[in-house]
Amino acid sequence: MSGGNTSHVVVIGAGIVGVSSAIWLRRAGVEVTIVDRVEPGGPTSTSYGNAGVLASCSVAPVTSPGMVQKSPKMLLDPNFPLFLRWSYLPRLTPWLLKYLSHANDGETRRISQGLAPITFDSTDQHAALIKGTDAEDWMVSSDYSFVYPSRDAFEADHYTWMLRRKAGFEPELLEGEAVRDFEPNLASDLNFLAVMHDHGYVRDPGKYVAALSLEAKKLGAKFLKAEVKDFDLTDGHVTTVVTSQEKLACSQVVLATGVWSGSLAKKLGLTVPLESERGYHIVFRSPQGAPTSPVMVTTGKFVATPMKDGLRCAGVVEFGGLEAPASKAPLDLLRRKVKESFPKLTFDREESWLGHRPAPSDSLPLIGEIGNSGVYAGFGHHHIGLTAGPKTGRILAGLISGQRQNTDLSAYNPMRF
Ligand SMILES: Cc1cc2nc3c(=O)[nH]c(=O)nc-3n(C[C@H](O)[C@H](O)[C@H](O)COP(=O)(O)OP(=O)(O)OC[C@H]3O[C@@H](n4cnc5c(N)ncnc54)[C@H](O)[C@@H]3O)c2cc1C
């Protein structure tokens with residue numbers, strides 16, 4: 001491991017993982033250059049358009065027991081928020097087979113235990129990252145609720161709740177009229193609510209990342225707007241990051257390029273089964289009849305979050321790769337489900353967005369040094385990147401500056417594939 005000998009670290013990617021890494025590296029006194037091909041917080045990065053939830057309790061992966069049997073029916077059901085662009089299936093298949101191999105009890109529990117250490121203290125990690133910075137304006141402490149049509153529907157989801165309880169998260173359960181007392185704007189046929197207290201959300205994730213990037217610059221980090229193309233290595237250790245603008249000499253690198261990390265990892269000899277789990281949001285501007293805190297609508301698998309610029313409803317999983325444009329069907333379904341769940345919602349106009357969750361086939365992020373290359377992976381956070389980004393950045397800064405780690409990092413070993 002090359003931690004300790006640091007003269008200049010290049011952080012590639014200015015999403016939530018990259019900017020968090022840069023801030024913690026600067027706080028450790030390390031010279032840092034952040035490189036991104038776009039301005040931090042811009043709409044092409046996944047950190048821009050998520051649901052904003054600091055979802056400490058999100059320890060249940062999408063792959064779960066029975067998924068292999070259920071997924072053909074889910075894909076064919078126009079009311080289920082799982083979509084596939086069929087022309088992409090041949091390219092998806094190798095990853096999909098690996099992904100589905102984790103859809104059993106043993107693997108789901110293992111993945112869940114792997115996720116918990118980087119999610120459970122999310123609000124504390126965000127608070128530590130943003131203390132005294134302009135980003136403080138964007139974080140809100142709140143409940144995070146999961147709404148079901150009925151107690152039966154909640155109980156049918158017992159496996160997911162078993163995983164959350166095992167990680168130490170116990171919901172408050174509300175039924176019938178108590179649901180409306182808590183969230184008056186929920187539809188009358190949504191009669192059961194599992195409320196997780198002590199969570200939080202970000203009122204504008206794009207502006208939050210932009211504010212964090214400004215903070216990194218204030219602390220002395222440099223920013224280069226450029227595309228990273230390659231690395232130069234000497235005796236297997238990185239010495240230079242090759243960009244579209246210039247070559248940057250470095251002692252270490254943080255690779256925080258989200259869903260686009262596969263091709264750069266490959267240049268270091270590491271093949272990662274990484275796919276885009278495409279997701280969508282619709283922002284309803286000037287909303288009336290919206291929820292007061294983030295609500296996960298389990299029947300539509302989307303989260304409705306009251307953000308600064310409107311009500312953001314984000315979710316859906318679609319497989320279709322990075323290049324294809326947004327599809328109509330997922331957005332139509334999302335819109336329909338929002339209407340069903342919040343029937344009193346009115347708004348001036350709506351804006352939609354397609355984003356790419358970086359999904360390794362085993363649903364665990366890669367955090368740590370790639371071999372002895374001096375390049376540290378910080379990617380693959382699929383549904384939990386905003387939640388776990390600040391802690392990931394802190395861990396990486398600690399590894400690079402030679403600090404002892406309290407978190408068991410074995411589940412995130414980038415060399416595990
Ligand atoms: C619909 C949806 C809802 C979500 N909701 C939540 C939520 O509520 N809570 C949560 O915790 N997570 C959520 N997520 C997941 C979360 O948004 C991601 O896990 C997270 O944003 C990933 O952050 P990142 O820093 O790894 O990647 P990104 O934010 O994508 O940043 C990567 C950066 O790398 C840059 N880059 C890539 N390649 C290069 C290159 N070669 N050269 C230079 N720059 C490069 C890109 O331009 C980009 O800025 C959601 C995701 C979606 C799609």
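View 1. Ile-34 stands opposite Phe-223 in strand S8. Strand S2 (residues 32-36) and S8 run parallel and are joined by 4 bridges. Strands pair here when DSSP finds at least two bridges between them. Helices (H or I, at least four residues) and strands (E, at least two) are DSSP runs, numbered from the N terminus. This is a predicted model: local features need pLDDT of at least 70, side-chain atom pairs count only at pLDDT 80 or more, and totals for chains, interfaces and linings use all residues. Residues are numbered from 1 along each chain as its sequence is written.

**View 2. The open sheet.** The order is S8-S2-S1-S12-S19-S18, 6 strands with mixed pairing. Strand S8 (222-225) and strand S18 (366-369) are the edges; each has a single partner strand, so one side of each lacks a neighbour in the sheet. From one strand to the next the twist averages 15°.

**View 3. Helices on the sheet.** Helix H1 (residues 16-27) packs on the sheet and touches strand S1 (9-12), S2, strand S12 (252-255) and strand S19 (375-379). The direction of H1 makes about 170° with that of S2. Helix H13 (residues 385-400) lies across S1, S12, S18 and S19, at about 170° to S19. Axes are lines fitted to C-alpha atoms, for helices over the stretch in contact; angles run from 0 to 180 degrees between N-to-C directions. Contact means C-beta atoms, placed from the backbone, within 7 Å.

**View 4. The shell around the ligand.** Of the 45 residues around the ligand (C-beta atom, placed from the backbone, within 6 Å), Gly-13, Gly-15, Gly-258, Gly-279 and Gly-385 come nearest. Elements giving two or more residues include H1, S2, helix H2 (46-49) and strand S13 (274-284). H13 gives the most, with 4 residues.

**View 5. The buried face of H6.** In helix H6 (residues 122-130), Ser-122, Thr-123, Gln-125, His-126, Leu-129 and Ile-130 are buried (20 or more other C-beta atoms within 10 Å of their own; C-beta atoms placed from the backbone). Down the axis of H6, the buried residues fall within an arc of 160° (directions from the helix axis to the C-beta atoms), so they line one face. They pack against H1, helix H5 (105-119) and H13, among others. Gly-132 follows H6, with a positive phi near 80°.

**View 6. Ile-111 in helix H5.** Ile-111 lies in H5. It counts as buried because it has 22 C-beta neighbours inside 10 Å. Beyond four places in sequence, Ile-111 is in contact with Pro-61, His-102, Asp-362, Ser-363 and Leu-364.

Definitions and conventions
Two residues are in contact if their C-beta atoms, placed from the backbone, lie within 7 Å. A residue is buried if 20 or more other C-beta atoms lie within 10 Å of its own, exposed if 12 or fewer, and partly exposed in between; C-beta atoms are placed from the backbone.
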